[in-house]
Amino acid sequence: NGGSPRGRSGVRRAAAVGFAVVVLVGTILTIEARAVARLDSVSGDLPVRLYSRPPMLVLGQPIDADALKAHLSRIGYTRVREGAVGAGQIAAGRREWVIVNRRIARLGPLAGGQAVRVRLDGWDRVISLEDREGQRYRAVPLEPELIAVASGEGTGDRTPVRLPELPPHLLDAVLTVEDQRFYRHHGLDYVRIGAAALANMRDGRIVQGGSTITQQLARSLFLDSRRTFVRKAREAAMALTLESRYSKDRILEAYLNEVYLGQEGGLAIHGVGRAAEVYFGKDASHLDLAESALLAGLIRGPNLYSPSRRPEVARARRDLVLRLMAERGVIAESDRLEASGAPLPDRARLGEPPPARYYADYVLGELGESDSASSGGRAVITSLDPRLQRVAAATVSDGLRQLESEHPGLVERSGTSGSTLQAALVAVDPRTGDVLAMVGGRDYGSSQYNRAAHARRQP
């Protein structure tokens, strides 16, 4: 019957079904491969983070207490009472300090999260350096200042975290507002989908979504944000595939490392690890209840609920998350009231990084010639002195203005482009060759050419 119309129609249907099966199998295999690549390689496309030289505490040498406190405050450390010192905190008395490094990088003998007790004499000289176990040291480096983040393949900035390191109230906050039945469904929450459909029909518009955390992860990793039936169908298929391939904890961990939580300059903030550093100046493992609720509330709309742009809206959203957590019974009412009274994060307290764009390009160029260039997510400790770098940038700017004021003939103008007079400055430690400060021109935004390192008569 192959020659009859009915036979030809049957052949076409069989071919269409076969083609659909092939496409479906191919799609599933592609999802599997991409999921393995993205979820099993957490640091694959992370940015390179450049840090200044770390401040050193050296036995027998004096310290500038005010400068050291200012440095720690600028990078987000907070002052606490003795006996309650955690990572990213300092307890400073008159003659004794306790400082706990954050989990940024291993510096010298102390790993991140370990405390150092510093004792001073009457001349502010260090007379003792020891950890909580009583181990003594001759020198201890402190956490350095971040000077630049160089994005790798994408435009996102991440600090990877592991699920066991995060406080339980952060996980409870995220699950409360994003997916309360996460551990009970298999990628699709049919109860939530039905409730969302009824709510949307009642209002005549989309007022509630039914996506699970697994669907959100699939969308973030593989799809765009267009609201189409085909995209939602692919999202559902991908969610089911992820659930069959990975454990719930692995999916939740990947989600918390991937979720978009706002902008920092030109970089998108992805994951609770980096968001904790940007908004609160601390490691995600030390977020308190109020901070956890704020981050969980940001997921729905990072720009809408931004604490720096719309503080009152952000506060209301945070308090809603806290109320929902109390209604679920995951926090006590007394904890809710206490957290609701906490102030919003003050990002102005965290200082701007030193103006070191020329230097950052110089270092990245050096890394590009080494094997380390292929290692995404690397923390690079440089020789830059952030205090000298700020002085150097101001010196170049002020010096050029003074020259142009005293010698108008030096100024060349072409239309509205302004002065073409340039300057460069390099400060080098003659004993070691370490570059302590570098300014490659008067304005990185208008010219990225580094006259300090690449000019014909470079210093």
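This is a predicted model: local features need pLDDT of at least 70, side-chain atom pairs count only at pLDDT 80 or more; totals for chains, interfaces and linings use all residues.
View 1. Residues are numbered from 1 along each chain as its sequence is written, and side-chain values use heavy atoms, leaving out hydrogens and water.

**View 2. Lysine 248 puts its charged end over phenylalanine 182.** That end is 4.4 Å from the ring's centre. To count, NZ of Lys or CZ of Arg must be within 6 Å of the ring centre and within 35 degrees of the ring normal. Arginine 317 does likewise over the ring of tyrosine 305, at 5.2 Å from its centre.

**View 3. Now for the aromatic pairs, 4 in total.** Rings of Phe, Tyr and Trp (its six-membered ring) pair if their centres lie within 6.5 Å; planes under 30 degrees apart are stacked, over 60 edge-to-face, and the rest tilted. Phenylalanine 182 and tyrosine 183 have ring centres 4.9 Å apart and planes at 80°, so they pair edge-to-face. Tyrosine 183 is partly exposed, at 44% relative accessible area.

**View 4. Tyrosine 358 meets tyrosine 444 edge-to-face.** Their ring centres are 5.1 Å apart and their planes sit at 80°. Both tyrosine 358 and tyrosine 444 are buried, yet they are 86 residues apart in the chain.

Methods: Buried means under 20% relative accessible area, exposed over 50%, partly exposed in between (1.4 Å probe, protein chains only). Helices (H or I, at least four residues) and strands (E, at least two) are DSSP runs, numbered from the N terminus.
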